[in-house]
Structure formats: structure tokens, C-alpha cells
Amino acid sequence: MPQKRRSQSWTELKQAGNECFKTGQYGEATALYTQAITEVEKSGKKNPEDLSILYSNRAASYLKDGNCGECVKDCTVSLELVPFGIKSLLRRAAAHEAMERYRLAYIDYKTALMVDSNIPAAHEGTNRMTKVLTEVDGPSWREKLPPIPAVPLAIRERTAQQQQQKQNAQAASPNMQHNGTKEPKKPALSEQELKKALALKEEGNALVKKGEYKKAIEKYSQSLKHNPSEITTYTNRALCYLSVKHYKDAVRDCDVALGMDSSSIKALYRRAQAKKELKDYKACVADLNSLLKVEPGNSAAEKLMQEVQKKK
């Protein structure tokens with residue numbers, strides 16, 4: 001009698017799907033992820049995180065195969081299971097973009113940035129959608145957007161912790177330079193430091209809303225001691241420096257932020273504001289030109305440009 005073949009577990013099916021995806025066999029990967037989803041649902045042990053990953057993986061296969069409609073559906077299910085998942089947000093954004101649903105694509109790219117402000121694909125996608133929407137809807141394109149969801153603090157903390165865990169894992173393996181010598185390791189941030197940095201930043205944000213800029217500067221400065229690589233803390237502190245007329249400090253913070261992301265709208269605009277007040281009109285115009293390349297039709301930048309050109 002022939003031996004009955006053992007059925008594959010959902011984890012084995014998922015792994016097989018991953019291997020097919022890596023080799024460009026997207027149809028086969030889709031079928032394997034579908035089987036894995038069925039196995040998880042049949043088991044009665046529906047772990048939301050496991051299912052969310054499977055739906056997101058299948059969405060990636062659909063996206064590669066050009067089936068953007070199914071990609072959007074799977075990403076939406078994935079995000080219902082585990083809200084604010086970066087991969088699902090980026091994949092759904094890419095599918096919306098491919099279907100020319102630019103407003104929805106912008107919302108997903110922007111939401112991904114709110115979860116983690118250090119994602120190049122989200123920055124690039126947001127910039128692309130900004131240019132397209134400016135062309136399609138004109139300078140008031142933001143008024144036509146659907147609401148952007150608020151990202152809870154707990155989600156941002158969780159994401160920061162996950163990023164730190166990755167950095168810790170990378171730090172545990174030797175980093176080699178081109179000449180074969182080891183690079184000096186940067187000290188890894190602890191989970192406690194990241195949480196503290198985020199909490200202090202939120203306190204700073206609350207003070208800004210009250211107009212208490214000097215106190216907000218203190219909070220942002222304390223936050224940066226715990227996490228010196230958070231770009232939005234620099235741009236937020238730059239806003240406060242502008243408000244208290246510490247223009248050179250505002251420029252320094254924007255310089256740091258632009259070193260992390262050369263297309264940061266806030267950093268370019270706030271540095272331009274500071275340069276104007278310092279009467280460095282040439283540098284101000286240069287920043288505004290850079291900003292308008294990233295976001296054509298930005299009304300605040302255009303207004304400031306007109307003001308500066310009158311002074312030149």
C-alpha cells in the first residue's frame with residue numbers, strides 16, 4: 001500500500017511561498033500563501049499576526065503579478081488584523097499608485113511615515129504623490145484628501161522597539177570596512193531610551209500647541225539625548241527656535257534633519273524661514289527652490305519666495 005503523504009503545515013507552506021517569491025514564481029507563491037491561510041483558518045487557532053503576515057505576503061505576490069485589486073484587498077485584511085503594518089501600508093500604497101488612485105496612495109505612504117519617519121520608500125512615495133496631486137488637483141490638493149488616520153503612540157513605540165531590535169542584531173555581527181577592518185560600533189539604543197525619547201517628544205508637541213516654545217525646546221532636547229536619530233524631533237525643535245527668534249539654532253537643526261532626509265519639506269521650509277530672518281536671501285531661495293522641486297505648488301513656499309524676491 002502506498003504511504004499517505006503528510007500534509008504540509010501552514011508554516012511549511014509559507015516558507016515554500018517565500019522561496020517561490022524570491023525566485024520570481026509569483027503565481028506559485030500566491031497559491032502557497034492561499035493554502036497556508038486556509039490551513040491557519042481550519043486549525044481554529046487564528047493568530048492575527050500570523051494571518052496578517054500571510055495576507056501581506058500574498059498581497060506582495062499579487063502586486064508583482066500586476067493584480068493590484070487583489071493586492072489592495074489582501075493588504076486591507078492584513079491591516080484589519082494588525083493595524084498600521086508598514087509592509088501592508090506600503091504595498092497597498094504601491095497598488096493604489098499603479099491604479100492611479102493617487103489620493104489613497106498618498107494617505108498610505110503618509111501613514112507609513114507617521115508610523116516610522118525613517119522609511120525611504122515612504123518618503124519617496126509621498127513626494128511622488130505630492131507632485132502628481134499638485135498637477136491633478138492644483139495647490140489646494142490637500143483639501144481633497146480623505147482623512148489621514150491618527151497613529152497611536154503605542155504603535156510608534158512598538159515600531160521603534162522593533163527597529164532597535166534589528167539594529168541590535170546587526171550590531172551583534174561584525175561590521176567590516178572595505179579594507180577588512182572592523183568599523184566602530186555605534187552604541188545601540190535601549191528599548192527604555194526609545195520609549196523615553198518618544199514620551200518627551202510628545203510632551204514637547206503638547207507644549208507647542210499651547211505656544212510654550214521655550215519649554216518645548218527643553219523637552220525636544222531631552223528627547224534627542226535619548227534618541228538622536230529622530231528627524232521629526234529636529235524639525236519640531238527648529239520650529240520652536242524660529243518662534244523664539246533663535247534663527248541660527250533653527251538652521252542647525254534643519255541641517256541635521258536634511259542630513260537624514262534631503263527632501264524633508266519641513267526642514268527645507270524652516271531653514272528657508274531662518275535664512276530669510278538672517279538676511280541670507282540667496283540660501284533662502286535655494287532652499288525654497290529645492291522644496292518646490294519636491295512639492296510643486298506648495299503655497300507657503302511660494303508666498304515666502306515672493307516675499308524674499310522683493311527684498312533682494
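Reply: Asn 236 has its place in helix α11. The model is a predicted one.

Me: Is Asn 236 buried or exposed?
Reply: A residue counts as buried under 20% relative accessible area. Asn 236 has a relative accessibility of 13%, so Asn 236 is buried.

Me: Which residues is Asn 236 in contact with, leaving aside its neighbours within four places in sequence?
Reply: Contact here means heavy atoms within 4.5 Å. With the neighbours within four places in sequence left aside, the residues in contact with Asn 236 are Lys 201, Asn 205, Tyr 220 and Arg 270.

Me: Which residues of α9 are buried?
Reply: Lys 201, a contact of Asn 236, is one of the buried residues of α9.

Me: How many Å apart are the end C-alpha atoms of helix α9?
Reply: Helix α9 covers residues 191-209, which is 19 residues. At 1.5 Å a residue, α9 should span 27 Å. The model agrees with this, because the end C-alpha atoms of α9 are separated by 28 Å.

Me: Where is Lys 245 found, and what is its phi?
Reply: Most residues other than glycine have a negative phi. Lys 245 is not a glycine, yet its phi is positive. Lys 245 is in the loop between α11 (231-243) and α12 (247-260), and its phi is near 65°.

Me: Is Lys 245 buried or exposed?
Reply: Exposed means over 50% relative accessible area. Lys 245 has a relative accessible area of 61%, so Lys 245 is exposed.

Me: In which loop is Lys 279 found, and what is its relative accessible area?
Reply: Lys 279 is not a glycine, but has a positive phi of about 65°. The loop that holds Lys 279 runs between α13 (265-277) and α14 (281-294). Lys 279 is exposed, and its relative accessible area is 60%.

Me: How are α13 and α14 placed relative to each other, roughly parallel or roughly antiparallel?
Reply: The axes of α13 and α14 come within 8 Å and cross at roughly 160°. α13 passes α14 in a left-handed crossing. An angle over 145 degrees counts as roughly antiparallel. Therefore α13 and α14 are roughly antiparallel.

Me: How far apart are the C-alpha atoms of Arg 103 and Trp 141?
Reply: Arg 103 lies in helix α6 (residues 102-115) and is partly exposed at 33% relative accessibility. Leaving aside neighbours within four places in sequence, its contacts are Leu 133, Asp 137, Lys 144, Leu 145 and Pro 146. Arg 103 and Trp 141 are 38 residues apart along the chain, and their C-alpha atoms are separated by 9.0 Å.

Me: Which element of the protein chain has the lowest mean pLDDT?
Reply: The chain has a mean pLDDT of 86. Among its elements, helix α4 (residues 68-81) has the highest mean, 96. The lowest mean, 67, belongs to helix α8 (residues 153-172).

Note on methods
Residues numbered from 1 in each chain as written. Predicted model: local features only at pLDDT ≥ 70, side-chain atom pairs only at ≥ 80, totals over all residues. Heavy atoms only, no water. Helix = DSSP H or I, 4+ residues; strand = E, 2+ residues; numbered from the N terminus. Expected span 1.5 Å × (residues − 1). Buried < 20%, exposed > 50% of the residue type's maximum accessible area, 1.4 Å probe, protein only. pLDDT = per-residue confidence, 0-100. Axes fitted to C-alpha atoms, helices over the stretch in contact; angles between N-to-C directions. Parallel < 35°, antiparallel > 145°, perpendicular 65-115°, else oblique. Left-handed = near helix turned anticlockwise from the far one by under 90°.
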